[in-house]
Amino acid sequence: MTKFSKVLVGGVAATLILTGCGRADKGTDRGSAGAPIDGSPATGDISVWAMGTEGELLPKLVAGFKKKNPDAKVHVTAVPWQDYTKKVETAIASGDTPDATLVGSADLANFAATGGLDQVPPKLVDASAFYSGAVRSATVDGAAYAVPWYVETRSLYYRKDMAQAAGVSAPKTWSEYPTFLAALQKKGAKWGLSLPTGAASTWQGVLPFMWQAGAGVMNGDRTKFTFDTPEALKGLKFYQSFFTSKLASRNGPVSLGEIEPQFVAGSTAALISGPWETGLLKSAGGASFVGDKVGIAPLPAGPKSNASYIGGGHWAVFKDAKNRDGGWKFVRWMSQPDVQKQWYDISGDLPAVQSSWNQGELATDPFLAVFRSQLKTAQPGPNVTTWKQVTAVVDAESEKVAKGVTSPKAALRSIQAKASTIGTGGPR
């Protein structure tokens with residue numbers, strides 16, 4: 001898949017509807033973590049599902065696993081992203097699963113709710129080695145059901161040439177944000193910043209403002225949603241301010257590839273996007289355009305932080321795995337820093353293991369350095385089975401705020417009421 005379509009892993013993947021027979025009918029008695037995995041080499045056949053480009057490229061990496069585990073053989077099946085939720089659902093329901101699978105972070109809670117995933121065995125990996133946001137996105141109800149593999153987050157891309165001409169530097173705080181964008185507008189941009197205004201996954205652009213203000217969208221024990229807080233209101237009001245001050249269009253982009261030509265033309269001077277954006281801008285404007293005219297900076301900090309959204313992909317092992325031991329040894333090998341760096345070299349996916357960033361291009365590229373910094377404060381959405389339903393409400397209410405149809409206070413009141421009705425999924 002393309003770098004931009006990695007957004008699908010973070011939050012736009014097709015909604016999984018847990019129906020049918022088998023494990024889907026067994027409730028939420030997910031048990032506890034199984035037996036530990038020893039340090040001996042893996043043996044036997046290990047069947048693995050991986051999606052999109054990852055599935056196509058993974059065999060290049062697997063050759064290294066074979067050298068370390070000569071008596072094991074990994075069989076990789078590439079699965080299209082658009083088919084994967086149904087395929088995993090069907091496999092869990094029938095009990096006919098591979099050993100391990102790549103899982104988009106937004107789908108983990110739904111898969112774990114079936115009882116079809118094995119909990120990560122004790123001491124398989126050191127959780128502190130990963131970015132904390134990635135660890136949280138691999139955890140459901142306090143239990144780890146997957147090991148993070150790659151991550152993505154979003155930072156601020158801006159027209160460096162226009163900023164230099166205006167004599168301004170990238171904003172570091174909320175208070176500097178509007179002044180910076182207005183300066184870019186004075187140099188010819190119609191819009192200072194592109195923001196989502198209701199398209200699918202608008203929430204990934206809106207919730208960071210709430211997080212930056214100190215909001216949490218669930219209570220501490222994750223039994224209810226908490227959108228009706230002063231901090232959330234402060235964040236949503238800040239989001240609204242970009243539109244009321246005409247720094248951003250009330251009609252944000254709705255399709256892939258829509259904003260890049262505007263950014264290249266200079267009609268939009270800044271946007272918030274992930275590491276895939278560099279490639280898209282090279283395609284739209286050329287490598288020299290990116291080198292000469294594109295700057296990137298961490299998101300400006302609000303009252304509490306500069307939190308961004310984190311997405312990515314994890315490795316999970318099925319409860320019905322025929323080679324559980326081999327599956328988890330494969331996952332453990334994939335989490336080694338050198339292996340994660342090799343995977344970046346092959347695929348461009350950003351490592352979830354922090355120490356992997358101390359090698360090669362990951363350690364020296366200035367654009368990647370920004371994402372490395374951003375990942376330290378990046379947060380996932382709540383890992384509950386109803387989250388996709390709730391995000392649809394957030395998307396719709398955010399659109400009303402952006403277009404001036406409703407106030408931030410009324411929008412949050414509606415989000416809270418509907419989210420409370422939807423619930424958190426809880427024990428079923």
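Helices (H or I, at least four residues) and strands (E, at least two) are DSSP runs, numbered from the N terminus. The model in your viewer is predicted, so local features need pLDDT of at least 70 and side-chain atom pairs count only at pLDDT 80 or more, while totals for chains, interfaces and linings use all residues. Residues are numbered from 1 along each chain as its sequence is written, and side-chain values use heavy atoms, with hydrogens and water left out.

**First stop: helix H13**

Select Lys-329 and Asp-325, which both lie in helix H13, four residues apart, about one turn of the helix. Their side chains form a salt bridge (a side-chain nitrogen of Lys or Arg within 4 Å of a carboxyl oxygen of Asp or Glu), and here the closest N and O atoms are 3.0 Å apart. Lys-329 is buried, with a relative accessible area of 5%, whereas Asp-325 is partly exposed at 30%; buried means under 20% relative accessible area, exposed over 50%, and partly exposed in between (1.4 Å probe, protein chains only).

**Second stop: a link across the chain**

Now select Asp-96 and Lys-322, whose salt bridge has its closest N and O atoms 3.7 Å apart. This pair links distant parts of the chain, 226 residues apart, with Asp-96 in the loop between H3 and S3 and Lys-322 in the loop between strand S10 (310-317) and helix H13 (324-334). Both Asp-96 and Lys-322 are exposed.

Show the six strands of the open sheet, which follow the order S2-S1-S3-S10-S6-S11 with mixed pairing. Strand S2 (72-79) and strand S11 (350-351) stand at the edges with a single partner strand each, so one side of each is left without a neighbour in the sheet. Two strands pair if DSSP finds at least two bridges between them, and strand S1 (residues 44-51) pairs with S2 in the parallel sense over eight bridges. To see one of these, select Ile-46, whose bridge partner in S2 is Val-74.

**Last stop: helix H11**

Which residues of helix H11 (residues 277-285) are buried? They are Glu-277, Thr-278 and Leu-281. These residues cover an arc of only 100° around the axis, which puts them on the same side of H11; the arc is that of the directions from the helix axis to the C-beta atoms.
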